[in-house]
Amino acid sequence: MTRPARHSLAAVLALILSSAAHAGAEPSTVAEPATAAESSVLYVARRGWHIDIGVAAADLAPPLAQAAADLPGARFVFFGFADKHYLLAKNQAGPVLLSALFPGAGILLTTGLTNSPAEAFGTTHVITLTVPQDQMRALQAFIWRSLRTQDDLLEVYREGPYQGSVYYLAAPKYSAFHTCNTWGAEALRAAGFRVHTAGVIFAWQLWNQARRLKRQQDRAAAPGASLLWGTSD
């Protein structure tokens, strides 16, 4: 088997695992008393082979705040990129899977949580990163650009696979080399974090980078001061 062939098979595996996990990993909905969320926290949630990016619903500013309006009662909103054709196909085998190797329509699964991210996904599967307000706005601008909108209006494409979730059509294309995890890395980069995005296909590649950022923030006297573009180390 040639090296390019091995690389393609790895991409197929990433596609299968990330998309399948994305469709089926329903978060827990254990009730929790409402508390005021911090205004500048970004959440990275690992859902098996897929990673979501989330923020507190109260932190969503227009125009992205429209997403919270579609998820009544949500305290936190998580976004995850996926392959539209594969995710919505009745038969997700064979030709459907192989077609996702090539650029095709993308979709964003948006999940609203009424409890905390730690309760929904498990404490060990959530990383919190602190960001200043300008970088939170930059993150939300990136997510907004990832959505297909008309006249600055966001429309639900269809209900999601579980309660408290909806699908939106995505602007970027999905492929074996631009997966849900690539998109997650791009989201962190848009938020000003020093991460690499090229070649990020598997969840562990993004998760390891997020863990490094968390360790650096925890060590820093001023959290986030050395992690954002334009700041000193």
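Predicted model: local features only at pLDDT ≥ 70, side-chain atom pairs only at ≥ 80, totals over all residues.
Which elements are included in what covers the buried residues of α8? Among them are β1 (41-47), β2 (50-56), β5 (126-130) and α7 (180-190).

Helix α8 covers residues 203-219, 17 residues in total. From its first C-alpha to its last it reaches 24 Å, close to the 24 Å expected at 1.5 Å a residue. The buried residues in α8 are A203, Q205, L206, W207, Q209, A210, L213 and Q217. As a reminder, an α-helix has 3.6 residues a turn, so residues three or four places apart point the same way.

**The whole chain**

Zooming out, the chain has eight helices and seven strands. Of its 233 residues, 48% are buried. The chain exposes about 10,900 Å², and carbon and sulfur atoms supply 56% of that area. If you look at contacts with a separation of 6 or more, 71% of them come from residues 24 or more positions apart.

**The sheet**

The seven strands form an open sheet, in the order β5-β1-β2-β3-β4-β7-β6, with antiparallel pairing. At the edges sit β5 and β6 (158-159), each of which pairs on one side only. Helix α7 lies across β1, β2, β3, β4 and β5, and runs at about 35° to β2.

Strand β3 (residues 76-83) pairs with β4 in the antiparallel sense over eight bridges. Within that pairing, A82 stands opposite I107, and G80 has L109 as its bridge partner. Strand β7 (residues 165-169) also pairs with β4 in the antiparallel sense, over five bridges.

**Aromatic pairs**

The structure holds seven aromatic pairs. A pair of aromatic rings is described by the distance of the centres and the angle of the planes. Two of the pairs look like this:

| Pair | Centre to centre | Angle between planes | Geometry |
|---|---|---|---|
| W49 and F202 | 6.3 Å | 65° | edge-to-face |
| F78 and F121 | 5.1 Å | 65° | edge-to-face |

The W49 and F202 pair links distant parts of the chain. W49 is in the loop between β1 and β2, F202 is in the loop between α7 and α8, and they are 153 residues apart. What about burial? W49 has 35% relative accessibility, so it counts as partly exposed. F202, at 17% relative accessibility, counts as buried.

As for the other pair, F78 lies in strand β3 and F121 in helix α5 (residues 117-121), so the pair ties together parts that are 43 residues apart in sequence. Both F78 and F121 are buried.

Key. Residues numbered from 1 in each chain as written. Heavy atoms only, no water. Pairing = 2+ DSSP bridges. Helix = DSSP H or I, 4+ residues; strand = E, 2+ residues; numbered from the N terminus. Expected span 1.5 Å × (residues − 1). Buried < 20%, exposed > 50% of the residue type's maximum accessible area, 1.4 Å probe, protein only. Contact = heavy atoms within 4.5 Å. Axes fitted to C-alpha atoms, helices over the stretch in contact; angles between N-to-C directions. Areas by Shrake-Rupley, 256 points an atom, 1.4 Å probe, with all protein chains shown as cover. Phe/Tyr/Trp six-rings, centres within 6.5 Å; stacked < 30°, edge-to-face > 60°.
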